[in-house]
Amino acid sequence: MFKWYETGCLGGFMISESANNERFIQALSEAQPGLRAYCFAAVGNPNDGMDVLQKTCLVLWKKRDHWDPQTPFKNWAIQVARYEVLGHVRDRARERLIFDDDTVSATREELEEPSATRSEQLEVLQESLTALKPLHRETLLDRYAKGLNIREIARKQGRKLGAVKALLM
């Protein structure tokens, strides 16, 4: 795909979109340290700063056709980052949640209840594993407890790959 540029030093020459993308990526790469510093300083938290930086880079990529290669990229990129920081601060202000005592108690009770259910589930699972034939139990434990892949299990047991797959199914 080609784009037509009528101004600047290109003087009406057609350039490929990939060449324009390469120019954009080069400019973004050079501006990255400054953008990172701006985003991190503006939000004050490295994790949030990284989120804002990523959103900024995404917006810049989506709007890359609006960038005039004859203008300083960094100034344009910082302006986009500024809007992303403002949006982030606005969104964070909305996220503040305050729960009353009843909500906290209900949440605590909900969280405590599954622990009893989980121990019951583990007990049933242990009984089920005990009821299996030794080869089947060993295969399941190798796969899901030890994290061996099917090929490793087949090699360990001296069995064909298809046989191990069938057993696990």
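**Exercise 1. Which handedness, left or right, does the crossing of α5 and α6 have?**

Solution. The model is predicted. Start with the two helices.

- Step 1: Locate them. Helix α5 covers residues 134-145 and helix α6 covers residues 150-157.
- Step 2: Decide the hand. The crossing of α5 and α6 is right-handed.
- Step 3: List who makes the contact. From α5 come Leu135, Glu138, Thr139, Asp142 and Arg143, and from α6 come Ile150, Ile153, Lys156 and Gln157.
- Step 4: Sort these residues. The contact of α5 with α6 holds 3 nonpolar, 2 polar and 4 charged residues.

**Exercise 2. Work out how α5 and α6 are oriented to each other.**

Solution. Two numbers are needed.

- Step 1: Recall the description. Two packed helices are described by the angle between their axes and the distance between the axes.
- Step 2: Read the values. α5 and α6 pack at an angle of about 140°, and their axes are 10 Å apart.
- Step 3: Apply the cut-off. Roughly antiparallel needs an angle over 145 degrees, and roughly perpendicular runs from 65 to 115.
- Step 4: Conclude. α5 and α6 are therefore oblique to each other.

**Exercise 3. Decide whether His136 is buried, partly exposed or exposed.**

- Step 1: Find its element. His136 sits in helix α5.
- Step 2: Take its relative accessible area, which is 28%.
- Step 3: Compare with the limits. Buried means under 20%, and exposed means over 50%.
- Step 4: Conclude. With 28%, His136 is partly exposed.
- Step 5: Look along the chain. Val164 is 28 residues away from His136, and their C-alpha atoms are separated by 9.5 Å.

**Exercise 4. Describe the largest nonpolar core.**

Solution. Go from members to elements.

- Step 1: Count the members. The largest nonpolar core has 17 residues.
- Step 2: Pick out the residues that touch the most other members. They are Phe24, Leu28, Leu35, Leu60 and Phe73.
- Step 3: Name the elements that give two or more residues to this core. They are α1 (17-43), α2 (46-62) and α3 (73-94).
- Step 4: Find the top contributor. α1 gives the most, with 7 residues.
- Step 5: Zoom in on Leu28. Leaving out residues up to four places away in sequence, Leu28 touches Leu35, Cys57, Leu60 and Phe73.

**Exercise 5. Sketch the whole protein: how many helices and strands does the protein have?**

Solution. Count, order, then check burial and contacts.

- Step 1: The protein has 7 helices and 2 strands.
- Step 2: From the N terminus, the order is β-β-α-α-α-α-α-α-α.
- Step 3: The protein has 169 residues, and 22% of them count as buried.

Notes
Residues numbered from 1 in each chain as written. Predicted model: local features only at pLDDT ≥ 70, side-chain atom pairs only at ≥ 80, totals over all residues. Heavy atoms only, no water. Core = buried A, V, L, I, M, F, W, Y, C linked by side-chain atoms within 4.5 Å. Buried < 20%, exposed > 50% of the residue type's maximum accessible area, 1.4 Å probe, protein only. Helix = DSSP H or I, 4+ residues; strand = E, 2+ residues; numbered from the N terminus. Contact = heavy atoms within 4.5 Å. Axes fitted to C-alpha atoms, helices over the stretch in contact; angles between N-to-C directions. Parallel < 35°, antiparallel > 145°, perpendicular 65-115°, else oblique. Left-handed = near helix turned anticlockwise from the far one by under 90°. Nonpolar A, V, L, I, M, F, W, Y, C, P; charged D, E, K, R; others polar.
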